[in-house]
Amino acid sequence: MNNISIGRYIPYNSKIHRLDPRLKLFAMVLFMVMIFLRFGGTDTNYMDFIIYGIIAIVILIIMAISHVKLSMLFKQLKSLWFLVLILFIFNLIMPNDGPYFLIFNTIKIYHKAIYDTAYIFIRLLLMISLTMILTSTTTPLDLTYAIEWYLLPFKIIKVPTHEIAMTISIALRFIPTLLDETDRIMKAQASRGVDFQNGKFKEKVRAIISLIVPLLVSAFQRSEELANAMEARGYNPGAKRTRYRVLKWKLLDTFALILSLAFFGLILYICIAKIDLVVLITSIVG
């Protein structure tokens, strides 16, 4: 459970940490849109992986600037291998056409099954990287301010924007807390003889129940303690609020916004114009 880094803020004085949280949230949305674009046709599927490679390089540069360690990302992947295996088996048993990669006994492993699995895995990897960068470089309070700022237009139709932003922020903040609690309960149950790894299916179900029940009780206790603490400090979501820290847009934010929009425009142009980068680079070099 300690391998999960999403939701953990890492205090550091990097340029990414100093950026406005509204910009970071907007940039993450732009990158998410780029990830879900389709760049290749039926005969140019490799273009998807080329563009994803370019996006991955940019994300790695951002991670280096923000001092987010690559090992943190690798720790996230440990929980994805089982999902990748399920996706591969699912794509393998689905009817496929075209050339196959190899034959194992009577099972044909098609190129399309490998491509679809890698395609989904890379998308998940890039999205996890973006989410990890956002939560590692932005405090939960700043993230609440950013979400609330984007929800301001909905106040016209009486949408409780502050409550929504606060709920999202608390949910993100409590992800690592609940994971730490899960790890603590697993160790406590293991010391009492509960085996989460081995045993029959019925025994594993009992072991999971012995984990879920105290975890739910602990989660409700923590939520009640948080609510009591907020009420004791006079928190009133309907009252007019003031802020100790006011978000200010700086020159660095403008520069980062221009870079984000320029990169998004470039990727969008490549997608719309169906530009083959391999042919383009070959023609330039040649």
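Met-127 lies in helix H6 (residues 111-137), where helices (H or I, at least four residues) and strands (E, at least two) are DSSP runs numbered from the N terminus. The model is predicted: local features need pLDDT of at least 70, side-chain atom pairs count only at pLDDT 80 or more, and totals for chains, interfaces and linings use all residues. Residues are numbered from 1 along each chain as its sequence is written, and side-chain values use heavy atoms, with hydrogens and water left out.

Leaving aside residues up to four places away in sequence, Met-127 touches Met-32, Ile-35 and Phe-36; contact means heavy atoms within 4.5 Å. Met-127 and Met-32 are 95 residues apart along the chain, and their C-alpha atoms are separated by 6.8 Å.

Ile-35 also takes part in the contact of H2 with H3. Two packed helices are described by the angle between their axes and the distance between the axes. Axes are lines fitted to C-alpha atoms, for helices over the stretch in contact, and angles run from 0 to 180 degrees between N-to-C directions.

| Helix pair | Axes come within | Crossing angle |
|---|---|---|
| H2 (residues 21-35) and H3 (residues 46-66) | 11 Å | roughly 155 degrees |
| H7 (residues 140-150) and H8 (residues 161-191) | 8 Å | roughly 145 degrees |

H2 and H3 are therefore roughly antiparallel to each other (angles under 35 degrees count as roughly parallel, over 145 as roughly antiparallel, 65 to 115 as roughly perpendicular and the rest as oblique). Their crossing is left-handed, meaning that the near helix is turned anticlockwise from the far one by less than a right angle; clockwise would be right-handed. H2 contributes Phe-31, Met-34 and Ile-35, and H3 contributes Tyr-52, Ile-55, Val-58, Ile-59 and Ile-62. These residues divide into 8 nonpolar, no polar and no charged (Ala, Val, Leu, Ile, Met, Phe, Trp, Tyr, Cys and Pro count as nonpolar, Asp, Glu, Lys and Arg as charged, and the others, Gly among them, as polar).

The crossing of H7 and H8 is right-handed. On the H7 side the contact involves Pro-140, Leu-141, Leu-143, Thr-144, Ile-147 and Glu-148, which meet Thr-161, His-162, Ala-165, Met-166, Ile-168, Ser-169, Leu-172 and Arg-173 in H8. Here the division is 8 nonpolar, 4 polar and 2 charged.

The protein as a whole has 11 helices and 2 strands, in the order α-α-α-α-α-β-β-α-α-α-α-α-α from the N terminus. Of its 286 residues, 34% are buried (under 20% relative accessible area, with exposed over 50% and partly exposed in between; 1.4 Å probe, protein chains only). Among contacts between residues at least 6 apart in sequence, 75% join residues at least 24 apart.
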